[in-house]
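Student: I would like to learn how to read a few features of a protein model with you. Could we take them one at a time?

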Amino acid sequence: GYKYIIEFYVCLGETSTVGSNNIGLKFIDSSQSFFAGTTNIPLQPDVNYNVAPIIDKNQWVQISFEFIPTVANLQSFIIGNFFTDANTTLQTISTDTETIASYFLIDDVSIYIEPPLFDIIDEICQDETFTLPTTSLNGHTGVWSPQFNNQETTTYVFLPNDPNLPSIEKTIVVVPKVYPTFAEMGPFCKNIMNFSLPNISIEGIQGYWDKTFDPSISNSYIFTPTSGECIGPVTVDIEIYDDFDFDIKYYCENGQFYVEVFNIEIPQENVSNFKWSINNNLTNIDDKRINISNFSNLLTNSNTFGITITDKTGCFTTKSIQLDESTFCSIPK
């Protein structure tokens with residue numbers, strides 16, 4: 001019931017004058033014995049080479065067969081010609097002698113059960129899912145050891161359930177997965193509008209993002225490649241700094257007119273600088289308040305006082321206040 005592989009090598013003898021085919025093999029039990037001499041063997045061979053005559057005297061020629069026995073306990077075998085000359089193809093090599101002779105040297109006879117056969121891929125990408133088949137192409141069942149590993153190259157051994165069958169090995173190469181990289185993205189100040197997610201990585205890998213960039217909130221974005229093998233998706237976290245607010249007040253103090261910011265929503269130590277402007281003209285004042293009385297070139301009826309506060313992350317908030325007066329703490333007569 002098992003399929004056997006039969007292999008051996010032949011070489012035409014040096015003194016042969018003809019080459020021939022019909023080199024066969026017959027399995028017999030231990031009680032049978034035959035020696036046919038120069039006549040054909042009076043048995044039907046189990047396998048037989050019956051194609052072109054073998055005429056090579058200098059090189060070994062491999063002959064191979066497949067055979068499934070239907071009879072048990074055949075412990076011996078015969079190799080030879082099981083056919084008459086009339087049913088054997090001959091090819092003349094030399095006419096130097098009157099004797100027509102053909103004999104072969106036979107070596108390296110191998111008879112073994114066909115091992116389990118599989119059509120398994122040689123390599124996979126890292127993290128790729130794959131199932132090692134537990135039934136071979138020629139119907140043998142068994143288990144693989146060790147368990148499948150999709151992280152590194154591994155050699156697996158198939159152990160057939162039938163102890164008469166040989167085990168086999170299979171090495172599966174795991175190709176490391178490439179992950180796209182990008183230039184640093186963020187952190188950004190809230191609601192910055194001059195940025196968009198790139199569709200090509202530093203390595204030139206094209207792909208798409210799972211969502212559109214949102215400048216109002218910190219978020220995670222997944223980049224999925226659209227081309228290439230063994231390239232994995234990558235997650236990029238983009239931080240958005242929280243914005244902050246404040247109020248502006250103005251008042252008189254000791255005859256001086258001040259504009260000041262208060263209720264700043266970040267700690268004082270996180271403030272990088274204050275930049276005041278008067279009527280869109282930047283001043284050199286870097287303080288939370290400005291003394292307007294020190295400026296004599298104000299407009300007569302209406303003036304605008306602006307303040308930009310920058311925190312240590314580089315983010316800033318700008319506000320302004322417009323005052324429709326010009327006396328600024330002076331008491332009219």
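Student: In which strand is the place of Leu 105?

Tutor: This is a predicted model, and in it Leu 105 has its place in strand β8.

Student: Is Leu 105 buried, partly exposed or exposed?

Tutor: The partly exposed class lies between the buried limit of 20% relative accessible area and the exposed limit of 50%. Leu 105 is counted as partly exposed because its relative accessibility is 42%. Together with Trp 60 and Tyr 103, Leu 105 forms a nonpolar patch on the surface, and the accessible area of these residues together is about 310 Å².

Student: How should I read the sheet, and in which order do its strands lie?

Tutor: In general, the strands of a sheet pair through backbone hydrogen bonds, and the pairing can be parallel or antiparallel. Here 3 strands make up an open sheet with antiparallel pairing, in the order β5-β1-β8. The edge strands, each of which pairs on one side only, are β5 (61–67) and β8 (104–113). Neighbouring strands of this sheet are turned against each other by 15° on average, with direction ignored.

Student: Over how many bridges do β1 and β5 pair?

Tutor: Strand β1, residues 4–12, pairs with β5 over 7 bridges in the antiparallel sense, and Glu 7 stands opposite Ser 64 in β5.

Student: Where is Pro 42 found, and why does Pro 42 count as exposed?

Tutor: Pro 42 is found in the loop between β3 (23–28) and β4 (47–49), and Pro 42 counts as exposed because its relative accessibility is 61%, where the class requires over 50%. The C-alpha atoms of Pro 42 and Asp 247 are separated by 116 Å, the two residues being 205 residues apart along the chain.

Notes:
Residues are numbered from 1 along each chain as its sequence is written. This is a predicted model: local features need pLDDT of at least 70, side-chain atom pairs count only at pLDDT 80 or more; totals for chains, interfaces and linings use all residues. Side-chain values use heavy atoms; hydrogens and water are left out. Two strands pair if DSSP finds at least two bridges between them. Helices (H or I, at least four residues) and strands (E, at least two) are DSSP runs, numbered from the N terminus. Axes are lines fitted to C-alpha atoms, for helices over the stretch in contact, and angles run from 0 to 180 degrees between N-to-C directions. Patches are made of residues with over 30% relative accessible area and no salt bridge: like charges are joined within 9 Å, nonpolar side chains (Val, Leu, Ile, Met, Phe, Trp, Tyr) within 5 Å. Accessible areas come from the Shrake-Rupley method with a 1.4 Å probe; for residues, only the protein chains shown count as cover. A salt bridge is a side-chain nitrogen of Lys or Arg within 4 Å of a carboxyl oxygen of Asp or Glu. Buried means under 20% relative accessible area, exposed over 50%, partly exposed in between (1.4 Å probe, protein chains only).
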